[in-house]
Amino acid sequence: MKWKEKIKRVMPGLYAGSAAILFFFFLYLCGCLGNQAIHKQMDTGYYKFEDYELSHIEDKESPLGISDVYVMRISNVLKGGSSLAFYSLHQNVEVSIDGKIVYVLRPKESNLFGKTPGSNWNTVLINREDAGKEVKVVLSAVYDSSENIVPEFYVGSKYGIWGMILKDELLPFFLSLAAIVMGIVFTLFTIFNYQNSEVDKSLLMLGMFSLNIGLWKMSDLTAMSLIFPFSIPLANLPFLTLMLVVIPFSLYVKELFSTKDSMVWYLPCGVSLIVTALSLVLQIENKADLRQTLWMTHLTMALLVLVFLYMTIRELRSVGWNKKLQTLLACACACIIGMAVDIIVYYISNGTSMMVLGMCGFLTYVTVLGVRSVRETKRLMAIGMQAKRYEEMAYHDQLTGIFNRTAYAEYTERKDFTPDNCIVVMFDLNNLKKCNDTMGHEKGDRYILCSAKLIEKVFGDIGKCYRMGGDEFCVLLKGVSLEECKRRTQRLKAEVEFCNQSNPDEFPIQIACGYKLYDKEVDYDLGDTLRRADKMMYHEKFVMKQKIAAKAAESEASLAGTACTTD
């Protein structure tokens, strides 16, 4: 099934594309969307307050045609002034003192889409002269789910209230931060070791899952509106990150099953991509905000749970109840139960309450399975390194470090190897036996090593060098002309001469060589080409010895003539 293989290959890319689109969409929100907030008082501080009257009135200017009105009188005002603080959840806000509007929060009219001002902590300053005056807070919900949400009002020290808010959310904050850190660690670990074949590539998906879960939970904290000024983008960030949870979860978990190649795993991935695209289109077209399409993301997550349970039952039937499946099921159940409880609480409270049970479940899942994957990866990497060392020993000459005869045979016997346009260059080290016999094998090894370095220096950038035996070397050149090969052999002779002149105390290096281009008219295979090159090399070896013998005889004759003249 070619289409199945295509889906498997393109799904990670589609997910990466979705993540990039959502990221740039969030940046666009930060740059283009904002609220219109009006403050007409000096900032003097806060203390807690709860005495108010609530009424519901028809309001044609509000998004839903109805507004909640809170009327209160704050008589106990601090000497330097006090401030009223309350949290609004997707509600337009208008505050007046004795009929005079002093604070307004609503989306800018220039916003291209979206009708929510986000989730915000609002602070209204109450000066000393305003003590006892009527304070009216009008909240207009922009969604049905935001109706009838009664906020908690605080009057007192601004920083005291902030401290209380931050203290109440310390636990979910650090849990979210831990998930983000773990996601970054797993992602970077996979990226930096991606070229290693032993690395579990699915660990990247686990890292992305953990990162998105952490960002989702952290951006959902009410305290974030105190820290970051972008209330609308911040209010949309949980929905954007939640859209990116399903695909990495599915792509990671499937690798832990024997049925990982089943196309069932890609069903929630495909639905998630469709839901993400549809949600963005509805948001951009101003048909429905991300909060209003959140139910589609939740249904996708429910589908993922059903797929997971279905594949788990199949796994139990095929491989049985093993330790690996027990660990996976325990972690996934903690994750699913926590997520389910959080979603139920979200709908019951209309998004005003936040549970940490889901975050604990997610962290349990990510920590246990992530550490397990890292350990397994390290174990495989250690085995791979050991296997690589064995391969180095099997295919490399231990003395010179270049390829050996086994490597030559493995390369030339591959199915994809063709001898066409291949030149075989053969080398032989003259007088190696004489060096071993007269100066010892240590000097002979140095002779071999120096010769190998010279051959590698001259031919290593255009071909593969092999030590075929004790004093025999070979170089395979692919796609190199005979003229270039001849130039390299001349360069080798020059390098040998320079080396001998630079090291007069060492045994003189002499390297005979011969080369032939594969010719299908005369060669049955590359072995025939090698034998022809070998024959040419031995001819050069014979010529070199003849020259050396002639030079030696001439030298002796010269010495004899000098002796006669002296006599």
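In strand 13, the bridge partner of F427 is F473. This pair belongs to a predicted model, in which local features need pLDDT of at least 70 and side-chain atom pairs count only at pLDDT 80 or more, while totals for chains, interfaces and linings use all residues. Residues are numbered from 1 along each chain as its sequence is written, and side-chain values use heavy atoms, with hydrogens and water left out. The protein contains 16 helices and 14 strands; helices (H or I, at least four residues) and strands (E, at least two) are DSSP runs, numbered from the N terminus.

**Overall composition**

- Of the 567 residues in the protein, 48% are buried; buried means under 20% relative accessible area, exposed over 50%, and partly exposed in between, with a 1.4 Å probe and protein chains only.
- Among contacts with a separation of 6 or more, 77% are between residues 24 or more positions apart; a contact means heavy atoms within 4.5 Å.
- The accessible surface of the protein is about 29600 Å², and carbon and sulfur atoms account for 59% of it. Such areas come from the Shrake-Rupley method with a 1.4 Å probe, and for residues only the protein chains shown count as cover.

- Five strands form an open sheet with mixed pairing, in the order 10-12-13-11-14; two strands pair if DSSP finds at least two bridges between them.
- Strand 10 (403–404) and strand 14 (511–517) are the edge strands, each pairing on one side only.
- Strand 11 (residues 422–429) runs antiparallel to strand 14, and seven bridges join the two.
- Along this pairing, D428 stands opposite A512 in strand 14, and M426 stands opposite G514.
- Strand 11 is also joined by seven bridges to strand 13, again in an antiparallel arrangement.
- Helix 15 (residues 482–502) packs on the sheet and touches strand 11, strand 13 (472–478) and strand 14; the direction of helix 15 makes about 175° with that of strand 14. For such angles, axes are lines fitted to C-alpha atoms, for helices over the stretch in contact, and values run from 0 to 180 degrees between N-to-C directions.

**The setting of strand 11**

- Eight of the eight residues of strand 11 are buried, so this strand is largely enclosed by the rest of the structure.
- C422, V424, M426 and D428 point one way from strand 11, whereas I423, V425, F427 and L429 point the other way; all are buried.

**Salt bridges**

- The model has 16 salt bridges, each defined as a side-chain nitrogen of Lys or Arg within 4 Å of a carboxyl oxygen of Asp or Glu.
- One of them joins the side chains of D397 and R467 at 3.3 Å, N to O. D397 lies in the loop between helix 11 (357–395) and strand 10, and R467 in strand 12 (residues 463–467), so the pair ties together parts 70 residues apart in sequence.
- D397 is buried at 15% relative accessibility, and R467 is buried at 13%.
- Another salt bridge joins the side chains of E506 and R446 at 2.6 Å, N to O. This pair links distant parts of the chain, 60 residues apart: E506 is in the loop between helix 15 and strand 14, and R446 is in helix 14 (residues 441–459).
- E506 is partly exposed, with a relative accessible area of 27%, and R446 is partly exposed at 40%.
- The side chains of D461 and R488 also meet in a salt bridge, at 2.8 Å, N to O. D461 lies in the loop between helix 14 and strand 12 and R488 in helix 15, so the pair ties together parts 27 residues apart in sequence.
- D461 counts as exposed at 56% relative accessibility, whereas R488 is buried, with a relative accessible area of 10%.
- D461 and R488 belong to a network of salt bridges that also includes E484 and R487.

- S18 lies in helix 1 (residues 2–32) and counts as buried at 12% relative accessibility.
- Not counting residues up to four places away in sequence, S18 touches L244 and L273.
- L177 lies in helix 3 (residues 170–192) and counts as partly exposed at 33% relative accessibility.
- L170, F174, L177, V181 and V185 make a nonpolar surface patch of about 430 Å². Patches are made of residues with over 30% relative accessible area and no salt bridge; like charges are joined within 9 Å, and nonpolar side chains (Val, Leu, Ile, Met, Phe, Trp, Tyr) within 5 Å.
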